Amino acid sequence: MRIRKLRNRLLLSAVVISTATALAYMSAVSFVISTQYREQSRSQLRQAAAIISEELAARQNGLLDAARHLAAQHNLGATVWYLSQYAGSDLDRETLQNTYQQLAQDVQEARHTAHAGSIALYDAAGHLITFSRVDGRLERTGFVERAPDLRLMMKEGAADGDNRSITLKPAPLPPFIHPEFGPPLPQKADARFALIDNALSIEIHAPILDSTPGNPSGQTAPRQVGLIVMIYSLDQAFVHELARRTDTDINVFTSDGLRHGTLATYLKADWNGQAEPAQGNAPALTFNEISIDGTGYYQGLIPLQRDGRPIGGIATLRSKSIVEANTWEMIRILGLIAAAILACVLPLAWYFSTSISRPLTTLSRIFRGVSDNTTATIQDDELELLDKTGLDYELADLTQSFIAMNNAVSQKIRQINDINASLENTVNERTAALIAKEQESRTLIENSPDSIARYDRDCRRIYANPAFSSVTGLRLAELLGTRPSEVPGGSNAEIYEAKIREVLASGRNTQFELKWHNREGKELCSLIHLAAEVDTAGTVTSVLAVGRDISDRIAFEETIWKQANFDSLTQLPNRQLFHDRLEHESRLADRSGRAMVLMLIDLDHFKEVNDSLGHDKGDVLLIEAGRRISACVRASDTVARLGGDEFTVILSCVDDMESVERIAHALIDKLSSPFVLGTDKAFVSASLGITLYPSDARELDILFKNADQAMYAAKNAGRNRFSYFTPDLHEAAQQRQHLSNDLRNALAAKEFQIHYQPIVELATSRVCKAEALLRWAHPQRGLTGPLEFITVAEETGLIVPIGDWVFKQAAQQALNWSQRFDDDFQISINTSPAQIRHDGNALAHWPEYLAEQGIPGHSVVIEITESLLLHAEARINKKLLGFRDAGIQVAIDDFGTGYSSLSYLKRFDIDYLKIDRSFVRNLGCDANDRALCEAIIVMAHALGLKVVAEGVETTTQRDLLVAASCDYAQGYLYSPALTSAEFERWAWSAGNGPA
């Protein structure tokens with residue numbers, strides 16, 4: 001009886017436990033599923049909110065970038081300022097129309113690039129200049145003219161078509177275009193949400209800046225000349241795109257109600273609910289459960305504000321019916337599973353309870369028979385029954401199995417202990433190796449000069465090495481747990497963080513250069529390598545960032561670029577950058593149809609400043625000259641220094657020549673003003689050459705040559721003036737080139753001749769000297785004087801071989817005449833400063849030549865200009881000392897016409913002073929010139945020098961010179977320059993000679 005009760009209890013317990021377990025499992029699983037679906041809905045709404053926020057931020061950044069890019073376009077500020085200033089004037093209407101159309105096309109392309117709904121440009125007064133807008137499938141682009149009346153020029157076409165072939169035409173001002181922005185204009189670029197045309201939109205403001213001339217130092221100050229307004233409407237296309245990407249319903253509301261959405265029946269947003277804090281990239285949003293037409297929804301509301309005031313919101317919606325249906329479907333499936341389990345449990349419970357109770361019943365009967373002293377037959381029957389039930393076999397088999405299992409378990413335990421010991425040794429060895437390798441890696445990382453940091457999936461810094469702390473100037477505690485956009489912060493740090501997120505999302509390594517500012521505000525540049533770190537499942541868990549400071553390399557490259565493109569003294573563009581700017585401005589002139597003006601400026605008398613005051617003061621003058629030139633032109637124009645005292649000015653987009661002449665006069669006036677160089681003052685002037693592109697030339701090298709020819713024309717016309725390029729200048733330059741080519745062959749063709757002008761001793765009227773004067777017997781031009789070709793010879797360097805030939809011919813003639821007529825006869829030979837300054841050894845060989853030919857040194861007099869002796873270089877001193885050592889005498893020609901620093905008369909062995917003919921010419925009628933000549937003669941005699949007067953043409957001049965004790969004279973009173981044969985007949989034939 002008791003065994004039967006045990007069997008029944010076992011059966012009942014199995015049924016009750018199975019049923020209770022099934023019910024509890026179903027309840028728990030149903031609750032978990034319901035909660036999970038609800039949380040899944042919340043999570044999906046949060047993810048949708050994050051995607052929407054990222055899309056809004058990306059759209060704002062894209063619009064801002066497009067607006068900034070348009071505002072930064074070259075000459076945009078100047079174009080807007082120009083249209084605002086001259087649109088109502090009487091200037092060329094075609095040029096204005098072209099400018100308007102080009103600007104409208106640029107605005108249209110900027111709107112296409114930014115995918116904006118509309119874009120408009122306003123001037124500094126808030127007046128609309130040009131616009132481009134899409135309304136549905138129609139695109140309108142145009143501009144507004146305000147003189148003489150307000151007029152709109154507009155073109156229309158399909159928004160996705162090619163509208164370039166559609167021409168602008170007059171049209172009334174549409175209601176959707178705002179002709180006035182209204183002052184004041186925003187001063188900086190910003191992005192905000194706004195209600196525009198009763199639609200929720202993103203509104204972008206970007207100021208248009210231009211630079212105007214500032215203080216006299218040439219610096220410029222930016223000014224705002226206009227505004228870019230760009231609109232992106234959160235329209236139905238925006239809503240459907242977000243709904244497709246987030247797999248939720250999206251509705252956009254303003255404060256008045258629904259504007260766009262996928263649930264058209266949900267007209268007014270329900271803001272009652274819990275405002276959940278932001279998680280990850282998701283914004284703080286209001287989460288609630290609402291009912292729409294009897295259908296339940298989970299709702300997440302993203303507020304949109306402007307200036308702290310709510311203007312609307314974006315709702316993400318997910319239907320509750322889907323969640324409930326999924327929950328009840330799962331519960332129904334679980335119920336069927338529980339019923340099936342119970343159906344299987346009951347037979348199994350009956351079988352196991354019977355199997356357990358039946359042997360126990362047999363054993364109990366046997367034990368009860370033994371205890372009741374039952375006969376052996378009964379015992380045998382019971383034993384037979386026990387044998388039939390298999391109890392003895394089962395117990396024996398169970399006992400043997402247990403013993404075998406116990407032995408096997410003991411053996412396995414011993415094996416496991418051995419394996420554990422071996423594993424423990426292996427683990428200890430590998431742990432030690434790993435510790436050593438980790439210590440080695442940590443030492444390398446901690447002492448690496450490169451900055452190393454690790455970021456988790458939330459872009460938060462979880463490790464930074466000492467080099468990273470050092471380069472940022474922050475402690476480790478300040479760095480860990482922060483994002484790059486938080487510490488160190490800044491727009492470039494946000495770019496850095498965006499790169500990290502790209503690696504986290506894609507798993508692809510990347511490398512880039514980044515400029516940023518450290519704690520002290522110093523700009524640094526780093527080469528950063530981002531490497532994705534993945535787990536065994538291939539999921540990116542973190543990003544390792546390794547940065548190398550390349551600031552020095554970048555600074556070096558910038559320095560090299562600046563050195564290659566800017567003059568090191570004046571900091572103005574050099575020749576290379578000048579040619580780049582010239583090409584750029586010529587292309588701009590071709591596009592705009594306006595002229596470009598090229599000016600070439602050469603400082604007059606600058607060499608005398610270097611010679612008299614030194615090169616340091618000359619450098620200061622060049623710097624100040626560059627500043628003065630820059631102050632006379634616009635900030636958009638180019639001022640460059642080509643080298644030496646040559647400057648250039650490029651005037652772009654010139655409409656009238658009056659402004660060119662005004663600038664030229666200003667440059668002449670500015671550069672002719674005295675330059676204060678410390679305690680000294682210097683006076684220079686400027687010669688300007690002006691040429692126009694494309695009217696004078698389209699090839700830039702020819703254009704530059706034209707400016708050079710015009711500059712030389714101004715210099716030849718008396719300097720301190722400007723000259724325009726003309727075809728006559730080009731013809732003169734060609735003649736100059738032909739003259740240079742002919743001059744190169746003249747020496748080999750023996751076309752040069754030397755004529756000699758007598759020099760008479762005034763006290764005795766004896767012909768004792770002569771001046772050698774070069775003549776060129778040109779095959780076509782005839783006999784040509786040196787004034788027509790010496791300048792070309794100096795510029796081409798031919799003056800050196802020509803001068804060497806003249807010296808040798810004159811020296812041979814002096815030897816001839818001294819042997820035949822007068823032992824003390826001398827011939828004076830003119831030398832060009834270019835000859836003496838030449839690096840060659842031609843002049844140094846002259847004493848050797850005289851010695852080889854047996855010509856006495858005193859037979860030759862070298863005539864030099866006084867400007868050569870001012871701050872003479874060591875090599876010039878050496879050459880003059882070589883003349884003195886060889887007995888060659890030195891005369892200063894045209895004395896008194898240049899910078900006279902009489903100290904060189906003491907420093908150098910000068911033998912003669914030659915008074916310039918400009919002083920001798922007016923001796924009889926100008927008391928000042930007579931006093932000056934007398935002073936020169938007295939000073940020269942006091943210093944032991946002889947004086948030669950040039951250009952003596954009258955007996956009155958001769959008598960006054962004799963009265964002033966002048967030593968020698970030459971001029972037409974005695975004779976012009978003669979050939980050697982004519983000179984001999986004039987000087988030494990009977991009845992000839994000076995009167």
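**Strand pairing and helix packing**

In β30, the bridge partner of K769 is Q826, and this pair belongs to the contact between β28 and strand β30 (residues 826-830), which pair in the parallel sense over four bridges. The model described here is a predicted one. It comprises 28 helices and 35 strands, and of the 995 residues of the protein, 43% count as buried. Among contacts in the protein with a separation of 6 or more, 59% are accounted for by residues 24 or more positions apart.

Strand β28 (residues 766-778) also pairs with two further strands, β27 and β29. With strand β27 (residues 752-761), the pairing is antiparallel and extends over ten bridges, with Y756 standing opposite A772 in β28. These two strands form a hairpin with four residues between them, and S765, which lies in the turn, has a positive phi of about 60°. With strand β29 (residues 782-784), β28 again runs antiparallel, here through three bridges, and the bridge partner of A777 in β29 is L783. A hairpin of three residues joins β28 to β29. The strand that takes part in these pairings is mostly covered, since eleven of the 13 residues of β28 are classed as buried, that is, under 20% relative accessible area. In a regular strand the side chains alternate between the two faces of the sheet.

Helix α14 (residues 606-613) contributes F606, V609, N610 and D611 as buried residues. The buried residues of α14 pack against elements from several parts of the chain, namely β20 (595-604), α15, β23 (675-677), β24 (680-682) and α21 (833-837). The helix is followed by G614, whose phi is positive, near 100°.

Helix α15, one of the elements against which the buried residues of α14 pack, has a further helical partner in α16. The axes of α15 (residues 615-631) and α16 (residues 657-672) come within 9 Å and cross at roughly 150°. Because angles over 145 degrees count as roughly antiparallel, α15 is therefore roughly antiparallel to α16. The crossing of this pair is right-handed. On the α15 side the contact is made by A625, R628 and I629, and on the α16 side by L667, K670 and L671. When sorted by class, the contact of α15 with α16 has four nonpolar residues, no polar residues and two charged residues.

By class, the contact of α20 with α28 includes three nonpolar, three polar and two charged residues.

Key: Residues numbered from 1 in each chain as written. Predicted model: local features only at pLDDT ≥ 70, side-chain atom pairs only at ≥ 80, totals over all residues. Heavy atoms only, no water. Nonpolar A, V, L, I, M, F, W, Y, C, P; charged D, E, K, R; others polar. Axes fitted to C-alpha atoms, helices over the stretch in contact; angles between N-to-C directions. Parallel < 35°, antiparallel > 145°, perpendicular 65-115°, else oblique. Left-handed = near helix turned anticlockwise from the far one by under 90°. Contact = heavy atoms within 4.5 Å. Buried < 20%, exposed > 50% of the residue type's maximum accessible area, 1.4 Å probe, protein only. Pairing = 2+ DSSP bridges.
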